[in-house]
Amino acid sequence: MSRSRVVLLAVVGFAIVAAAFLARRARRGDSPRASLQRLADGIRARDRVAIERYLDVRRTAESVVDEAFSAAGTLPAEGSSEPDEITPSSLVPVVELSIWKTLLDPAERARYQGVADVEQRDDTARVGVRIRLDDVDSAALVHLRLERTAAAGQWRVVGVEGLGPYMRAGFERRQGRAYEAEMRSDLRNLMTAQDAYFAEHATYSATLGAFPSFSPSPEASIDIVEANRGGWRALARHPGSTSECRVAVGASVPRGDGAREVKCGPRG
């Protein structure tokens, strides 16, 4: 798992922790909502001591990292050139710093949609929080996990739950965009190779073997559908993408497409 993928998705967790400031109208001074309201007061005052009284940043960061690794582990490798030796223990400090940055950034508050529910059992509680994510059309519902502390009337956020489905969906969308970018690049490189071939042979090639310097991206498949003196047309596909990309030159350009314009869309 690359550092960029994990950190990008873990940002979801950082923002959700800050959603605590939406707790309002606490019914009792010793309720989880009341502690979240006090956490909100600390966030507004940018008071790190007050924040840490109601938020265990380290444990919360660990929970976000655990969910990020669990979600990423269900997916195929991204194919990134970045080293994959990153471990949960090395990522936790990065997440901690990002949590603090988000907590103290008023601009992030636009993401938060409100508290959905509160479940309390003995010394533990779960608070459902609605939050707007960049890659989700509607508000997502995740839960803050709280524990009662030794201090009278005080609860503390110790984790975030329910990020997995949104992280997996985000990974899949990002991977799809990355694969599409690879296919677009492959077809542009193929255009360069075909132009060079035409300059020497006065026709376009129907086989990739005619281009010794052309190499598609790993796992991508390039199919030259037609090629002759008048033009050529090709399709690019990737097993990790539900889209396909196409390009055409000369007489082979289909109606509605532009010559040398790489287009991508659903397969079929």
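A salt bridge here is a side-chain nitrogen of Lys or Arg within 4 Å of a carboxyl oxygen of Asp or Glu, and the structure holds 15 of them. This is a predicted model, in which local features need pLDDT of at least 70 and side-chain atom pairs count only at pLDDT 80 or more, while totals for chains, interfaces and linings use all residues. Residues are numbered from 1 along each chain as its sequence is written, and side-chain values use heavy atoms, with hydrogens and water left out.

**View A. Aspartate 56 and arginine 156 pair up.** Their side chains meet in a salt bridge, 3.5 Å from N to O. Aspartate 56 sits in the loop between α3 and α4 and arginine 156 in strand β4, so the pair ties together parts that are 100 residues apart in sequence. (Helices, H or I with at least four residues, and strands, E with at least two, are DSSP runs numbered from the N terminus.) Aspartate 56 counts as buried, at 14% relative accessibility, and arginine 156 as partly exposed, at 26%. Buried means under 20% relative accessible area, exposed over 50%, and partly exposed in between, using a 1.4 Å probe and protein chains only.

**View B. Arginine 260 and aspartate 195 make another link.** This salt bridge has an N to O distance of 2.9 Å. Arginine 260 belongs to the loop between β7 and β8, and aspartate 195 to helix α6, so the pair ties together parts that are 65 residues apart in sequence. Arginine 260 is partly exposed, with a relative accessible area of 38%; aspartate 195 is partly exposed too, at 30%.

View C. The closest N and O atoms of arginine 233 and glutamate 226 are 3.3 Å apart in their salt bridge.

**View D. Two nonpolar cores.** A nonpolar core is a set of buried Ala, Val, Leu, Ile, Met, Phe, Trp, Tyr and Cys residues joined through side-chain atoms within 4.5 Å. In the largest one, which has 30 residues, Leu39, Ile51 and Leu146 touch the most other members. Elements giving two or more residues to this core include α2 (32–45), β3 (140–148) and β4 (155–161), but α5 gives the most, with 6 residues. A second, separate core has 18 residues, among them Leu187, Phe211, Phe214 and Ile222.

**View E. Strand β7 and its neighbours.** β7 (residues 243–250) is mostly covered, with 6 of its 8 residues buried. Strands pair if DSSP finds at least two bridges between them. β6 (residues 231–237) runs antiparallel to β7 and is joined to it by 7 bridges, with a hairpin of 5 residues connecting the two. Tryptophan 232 has valine 249 of β7 as its bridge partner. β7 and β8 (residues 263–266) also run antiparallel, joined by 4 bridges, and arginine 246 stands opposite lysine 263 in β8.

View F. Most residues other than glycine have a negative phi. Alanine 202, in the loop between α6 (164–201) and β5 (221–228), has a positive phi near 60°. Glutamate 219 lies in the loop between α6 and β5 and has a positive phi of about 75°. Alanine 202 counts as partly exposed, at 32% relative accessibility, whereas glutamate 219 counts as exposed, at 60%.
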